[in-house]
Amino acid sequence: AKVAGGFYVPAEPKLALIVRIRGTIGVSPKAKKVMQLFRLRQLHNATFVKLNEATIRMLRLIEPYVTYGYPTRATVEKLIYKRG
């Protein structure tokens, strides 16, 4: 890219692992609906989500109630072997 006069832009992750870390008390109805769509109905539930523009916006809305990250292949394998 440097030789051609362009810039290198690293690829963005396509998958996220979302874990719910807070309960339902004081959650707005919109955030509650988004968590339902992500199947995060209980505390400590986790789900894999494909990242696109819509899911990133939804993730920003529920950020105070969840934590998320980009899993490695080894993490996914461990989760599936243990809980799958």
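What percentage of the 84 residues of the protein count as buried? The share is 21%, where buried means under 20% relative accessible area, exposed means over 50%, and partly exposed lies in between, with a 1.4 Å probe and protein chains only. The model is a predicted one, in which local features need pLDDT of at least 70 and side-chain atom pairs count only at pLDDT 80 or more, while totals for chains, interfaces and linings use all residues. Residues are numbered from 1 along each chain as its sequence is written, and side-chain values use heavy atoms, with hydrogens and water left out.

The overall dimensions come next. The C-alpha atoms of the protein fill a box of roughly 55 × 35 × 15 Å along the principal axes. The radius of gyration of the protein is 16 Å, whereas a compact globule of 84 residues would have one near 12 Å; this radius is taken over C-alpha atoms, and the globule rule is 2.2 Å times the number of residues to the power 0.38.

The protein has three helices and three strands, and from the N terminus on its elements run β-α-β-α-β-α. Helices (H or I, at least four residues) and strands (E, at least two) are DSSP runs, numbered from the N terminus. Contact here means heavy atoms within 4.5 Å. Among contacts between residues at least 6 apart in sequence, 69% join residues at least 24 apart.

The three strands form an open sheet with the order 2-1-3 and antiparallel pairing. Strand 2 and strand 3 (66-69) stand at the edges with a single partner strand each, so one side of each has no neighbour in the sheet. From one strand to the next, the twist averages 25 degrees; the axes are lines fitted to C-alpha atoms, for helices over the stretch in contact, and angles run from 0 to 180 degrees between N-to-C directions. Strands of a sheet pair through backbone hydrogen bonds, either parallel or antiparallel. Two strands count as paired if DSSP finds at least two bridges between them.

Strand 1 and strand 2 pair in the antiparallel sense over five bridges. Here L15 stands opposite K50 in strand 2, and V19 has A46 of strand 2 as its bridge partner. V19 stands opposite T67 in strand 3, while L17 stands opposite G69 in strand 3.

In a regular strand the side chains alternate between the two faces of the sheet. Strand 2 has a covered face, with T47 and V49, and an uncovered one, with A46, F48 and K50. T47, found in strand 2 (residues 46-50), is buried, with a relative accessible area of 6%. Leaving aside residues up to four places away in sequence, T47 touches A16, L17, I18, F38, R39 and L40.

Attention now turns to the interior. In soluble globular proteins, nonpolar side chains tend to be buried together. A nonpolar core is a set of buried Ala, Val, Leu, Ile, Met, Phe, Trp, Tyr and Cys residues joined through side-chain atoms within 4.5 Å. The largest such core has 14 residues, of which I18, M35, F38, L40, L59, I62 and V66 touch the most other members. Strand 1 and helix 1 (29-37) each supply at least two residues of this core, and the largest share, three residues, comes from helix 1. Not counting residues up to four places away in sequence, V66 touches I18, V19, R20, I21, M35, L40 and L59.

T55 lies in helix 2 (residues 53-61) and counts as buried at 12% relative accessibility. Beyond residues up to four places away in sequence, T55 touches F38, V49 and K50. R83, in helix 3 (residues 73-83), counts as exposed at 70% relative accessibility. R83 and K33 are 50 residues apart in sequence and 26 Å apart in space, C-alpha to C-alpha.

The structure holds one aromatic pair. Y68 and Y70 form this pair, which is edge-to-face, at 6.4 Å centre to centre and 75 degrees between the planes. Rings of Phe, Tyr and Trp (its six-membered ring) pair if their centres lie within 6.5 Å, and planes under 30 degrees apart count as stacked, over 60 as edge-to-face and the rest as tilted. Y68 is partly exposed, with a relative accessible area of 32%, and Y70 is partly exposed as well, at 49%.
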